[in-house]
Amino acid sequence: MSLSLRSVGLLALGLTLLTACGSPGTGGSSPSPAPATTDAAPTESPLPASPSPSPTTSPEPTPSPTAGANSADLAGQRIVYSYPGTTPPAALLQRIREGRVAGVIFFAENVGSDPSVLRTAVNQLRQAEQQSPHPRPLLLMTDQEGGLVRRLPGGPAQSAKDVGRAADPTAAATATGNQAAATLAGFGLNLNLAPVLDVYRTPGDFADSAQRSYSTDPAVVGKLGSAFIKAQQGAGVAATAKHFPGLGSAPAGANTDEEPVTLTVPLNQLRSVDERPYRDAVAAGVELVMLAWAIYPALDPGTPAGLSGTVVHDELRTRLNYQGVTVTDALEAKALDPVGGTDKRALAVARAGVDLILCSARDVGQGDQAAAALAGALDSGDLDRDEFTASADRVDALRDSLK
């Protein structure tokens, strides 16, 4: 999400944790603190010839997420919830048991000062998931970018900028991807809202202010981001490239968490610089791409990227041939205030074709409101059920691939 720097002291680290997506907050635009709140193949032994091998039984396929799903079930499969404090609320556990939650995002306030607290919460969420009609691993996520932007105690200690300045940047990017995976897996999480692929322009600008950008060179950003992605996903934790089509041209203080932001980058520069790292990320098999909330007049004159079918379908899916899961930045970002409340924002996201909606206000009610709006629009025909189902299927395929 966008980053608005909020400092949260983690005694175990003595580091500042930020919360956001664009910000070092939820996913990453600018750093926003959390409210005070290769292995060798085994040698095969020769087998005796058998004139007629016994037939083998194929495993039962996992039920389709959309088989017989009503609108409420279908809507919930696209919502990422959040909650306040260190204990998952009963209402959230109930939604999970009903099969109406895609995932949960965690912030510093959900971690507390004792690592066992989050592990206990994750165990509760996973127990509820096993009681749902079609048990699938929840998408359990956080922002563990490295450096200043870390929600969990643990690595990577190096920021993206540190990695870019290392003696061997590719080795450093690989190491940080492994470290991020190890930290998340240690708490039972399976999805990281990282790495940031924004190509910063000048020292101290939005992407550089929290050292979240690898370089001013798009080829370097693409190479290092892809190394991080491959290492982390190779260890079983899904990665998220953010924030498409790129926030690197944003000046200092231009934070979509706090206000609407318009980036008047010429189309040729947007594609040759800002979108360039995403080609490498797509080639590296990145599991998710997060859309920015900034407006790019070169692509869509008045619509934030995450609400624009032109950006989602034409640029990302068609031009870059991305077939994976897309996710929003924080739905509560002030950049979307002109759109209206949670219900209108959720509907706009769905119409644009973004798969996952990140309800990160630490309020279960926010996720419920978004889900209700989607279900109602499906019932009324305001949302295309086939397109909506395709998004839910992508999300469930991702869930089936994780632990």
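Visitor: How do H9 and H10 lie, roughly parallel or oblique to each other?
Guide: This is a predicted model. In it, helix H9 (residues 267-274) and helix H10 (residues 276-283) pack at an angle of about 40 degrees, with their axes 4 Å apart. Angles under 35 degrees count as roughly parallel, and 65 to 115 as roughly perpendicular. H9 and H10 are therefore oblique.

Visitor: Which residues in H10 meet H9?
Guide: Start on the H9 side, with Arg271, Ser272, Val273 and Asp274. The residues of the contact of H9 with H10 divide into three nonpolar, one polar and three charged. On the H10 side, the partners are Arg276, Pro277 and Tyr278.

Visitor: Where do the buried residues of H9 sit around the axis?
Guide: The buried residues of H9 are Leu270, Val273 and Asp274. An α-helix has 3.6 residues a turn, so residues three or four places apart point the same way.

Visitor: Within what arc do the buried residues of H10 fall?
Guide: Pro277, Tyr278 and Ala281 are buried in H10. They line one face of the helix, because seen down the axis they fall within an arc of 100 degrees.

Visitor: What covers the buried residues of H10?
Guide: Pro277, Tyr278 and Ala281 need cover, as they are the buried residues in H10. Helices H8 and H9 are among what covers them. The cover also includes S9 and strand S10 (288-291).

Visitor: Is Glu275 buried or exposed?
Guide: Glu275 is found in the loop between H9 and H10. Buried means under 20% relative accessible area. Glu275 has a relative accessible area of 1%, so Glu275 is buried.

Visitor: How many residues along the chain lie between Glu275 and Glu315, counted as places apart?
Guide: Leaving aside neighbours within four places in sequence, Glu275 is in contact with Phe244, Pro245, Leu270, Leu299, Glu315, Arg319 and Leu320. The C-alpha atoms of Glu275 and Glu315 are separated by 9.1 Å. Along the chain, these two are apart by 40 residues.

Visitor: What is omega for the bond that joins Phe244 and Pro245?
Guide: Both Phe244 and Pro245 are in contact with Glu275. Pro245 has its place in the loop between strand S9 (240-244) and H9. Most peptide bonds are trans. The bond joining Phe244 and Pro245 is cis, and omega is about 5 degrees.

Visitor: Which residue does a cis peptide bond link to Pro156?
Guide: Pro156 is in the loop between strand S7 (149-150) and helix H5 (160-164). Omega of the bond is near 5 degrees. The residue linked to Pro156 is Gly155.

Visitor: What is phi of Arg362?
Guide: Arg362 lies in the loop between strand S12 (356-358) and helix H13 (364-380). Its relative accessible area is 12%, so Arg362 is buried. Most residues other than glycine have a negative phi. Phi of Arg362 is positive, near 60 degrees.

Methods
Residues numbered from 1 in each chain as written. Predicted model: local features only at pLDDT ≥ 70, side-chain atom pairs only at ≥ 80, totals over all residues. Heavy atoms only, no water. Axes fitted to C-alpha atoms, helices over the stretch in contact; angles between N-to-C directions. Helix = DSSP H or I, 4+ residues; strand = E, 2+ residues; numbered from the N terminus. Parallel < 35°, antiparallel > 145°, perpendicular 65-115°, else oblique. Contact = heavy atoms within 4.5 Å. Nonpolar A, V, L, I, M, F, W, Y, C, P; charged D, E, K, R; others polar. Buried < 20%, exposed > 50% of the residue type's maximum accessible area, 1.4 Å probe, protein only. Arc of directions from axis to C-beta.
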